[in-house]
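Please open the structure in your viewer and keep the selection tool at hand. The tour goes from stop to stop, saying at each one what to select and what is there.

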Amino acid sequence: MNFPRQTANHLRRLSTIEPPKGATKSFDEVPGPRGPLGLGNLYQYIPGIGRYSFDELHRCGEDKYRQYGPIVRETMVPGQDIVWLYDPDDIATVLDDRTPGMYPSRRSHTALEKYRKDRPNVYRTAGLLPTNGLEWWKIRSELQKGLSSPQNVRNFLPATDKITKEFIARLKPNPAENNLLLVDDFMPSISRLNLELICLLAFDVRLDSFSEEQMHPHSVSSRLMESAETTNSSILPTDQGFQLWRYFETPTYRRLRKAQEFMEKTAVELVSQKLLYFNEDQQRLASGDHGSKSLMEEYLRNPNLELNDIIGMASDLLLAGVHTTSYTTAFALYYLALNGASAQERLYHEAKKILPDPRENRIGAAVLGSEASYCRAVLKETLRLNPISVGVGRILNRDHVLGGYSVPRGTVIVTQNMISCRQEAFFREPDQFLPERWMRETKEQVHPHLVLPFGHGMRSCIARRLAEQSMLVLLLRLVRSFEIEWAGTVPMDVKTKLINQPDQPIRLRLKPRAS
């Protein structure tokens, strides 16, 4: 993705123009596509007919920005509008809203909400992803206890480091290829690693995802990864438009339902195993003289959570916990491979200090916090260029003035951080991979509402700390052990599913480094 310089200059001019006092315009005047006769712009997203694609929302957003400016109102179908925001000040106005008695709301995962509400025998609510209001906060406030504390997350670091170390040891160079390891697509391996980590940290279960049995296409681990990808790719198409799946089962909803049925079955089995363990040892549970080995143990000990809530959270972890970290790691490896003489070399020296002997040394919590500053900068710069999603969604809790227009309560807002983070108006050399911009000694002044890969505020990603920890450990161990070269095509773009994913295989050449 390489947006032209004139576009960035255009955004700078538009974003700095302030309307005169008293000149607030009406919501009807917000520029943007309404479709023929105001019947909606959804037809533009139909393959083979329209100019847009749900798989290229970053391209769609850039096109709409060029036409209409830093605030765009798009009518998808009559009565269903989305307001796209590009200006970080407007983004801050929306995300920092603290309307008394109200909770941050969004319209997302609506088909997943229907699936779960149709199964009250399994779920008490639709879960964290689609639920809003007080119902959302009641479960969020309890579920986040095991994930929001830095200490709780650090408790999982030894297991994360151990499994990642095992993963690195599996990467064997080929003597016939000059002692190089050519990987045609590293993505399945990263995904299996992250699935293994999620199952251990959430359920205290090893799936053995790299075993011969689990590598089979019909194994539990293979089907879980496939089901998560199917569900995530079905969310955006079912969220938009006429939502005919509410009245009869469309092909997209059928795919989502079948994928969710398998993930639900697996989640129920894993939670049931953990529950049986507790039932067999009530004395240990009641004494409090123990340490939790998994998130599910924390949740099962919480009297404010019902079993249905825990099953829903287990399903959400399996859905969101694999590909979020896998895709981001893949983008990081792409940038490190292209910047071997600069960013990768600097990260290698940092990793070598942390892991003088990668076969013997462990990554400790103190080290990860204080000595891995460049690795953190690499991760943040990766998420600036390739965030987890195009932006953050909200439903306005009250009327706001955005970009000089009066936008009423109840309007669906989607921020366009992915595009704004690539603009010269906000970043020096915006298309360049420069982790140094996040280092203390060379830190740039950046608007705090631009780089928001995990969302913002109360509604930010509940497992952010856990995801960051897993990615940092993998990057440190991989770069310490191998010199990474890119063997794919350049540039690599994204497919904007619910979670942004690379548009090509992650083809790498790995050259072993000295121990």
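Begin by selecting leucine 37, which has its place in the loop between α1 (5–16) and α2 (57–68); helices here are DSSP runs of H or I with at least four residues, strands are runs of E with at least two, and both are numbered from the N terminus. Leucine 37 is not a glycine, yet it has a positive phi of about 60°, and at 84% relative accessibility it counts as exposed (exposed means over 50% relative accessible area, buried under 20% and partly exposed in between, with a 1.4 Å probe and protein chains only).

The model is a predicted one, in which local features need pLDDT of at least 70 and side-chain atom pairs count only at pLDDT 80 or more, while totals for chains, interfaces and linings use all residues. Residues are numbered from 1 along each chain as its sequence is written, and side-chain values use heavy atoms, with hydrogens and water left out.

Select aspartate 204 next, in the loop between α8 and α9. Aspartate 204 also is not a glycine and has a positive phi of about 60°, but this residue is partly exposed, with a relative accessible area of 31%. Most residues other than glycine have a negative phi, and most peptide bonds are trans. For the peptide bond, go to valine 490 and proline 491, where the bond from the one to the other is cis, with omega near 0°; proline 491 lies in the loop between β8 (482–486) and β9 (494–496).

Now show helix α8 (residues 187–203) together with helix α13 (residues 307–320), whose axes come within 10 Å and cross at roughly 160°; axes are lines fitted to C-alpha atoms, for helices over the stretch in contact, and angles run from 0 to 180 degrees between N-to-C directions. The two helices, α8 and α13, are therefore roughly antiparallel to each other (the term applies to angles over 145 degrees). Where they meet, Leu195, Ile198, Cys199, Ala202 and Phe203 of α8 are in contact with Ala314, Leu317 and Leu318 of α13, contact meaning heavy atoms within 4.5 Å. By class, this contact of α8 with α13 has eight nonpolar, no polar and no charged residues (Ala, Val, Leu, Ile, Met, Phe, Trp, Tyr, Cys and Pro count as nonpolar, Asp, Glu, Lys and Arg as charged, and the others, Gly among them, as polar).

Move on to helix α14 (residues 323–338) and helix α19 (residues 464–481), whose axes come within 10 Å and cross at roughly 35°. The residues of the contact of α14 with α19 divide into nine nonpolar, three polar and no charged.

Which residues of α3 are buried? Selecting this helix (residues 88–95) shows that six of its eight residues are buried, so it is largely enclosed by the rest of the structure; they are Pro88, Asp90, Ile91, Ala92, Val94 and Leu95. Among the elements that cover them are β2 (80–85) and α18 (417–420).

Finish with the aromatic rings, for which a search of the whole structure finds 13 pairs; rings of Phe, Tyr and Trp (its six-membered ring) pair if their centres lie within 6.5 Å, and planes under 30 degrees apart count as stacked, over 60 as edge-to-face and the rest as tilted. Tryptophan 245 and tyrosine 253 form a stacked pair, 5.9 Å centre to centre with 5° between the planes, and both residues are buried.

Methods. Parallel < 35°, antiparallel > 145°, perpendicular 65-115°, else oblique.
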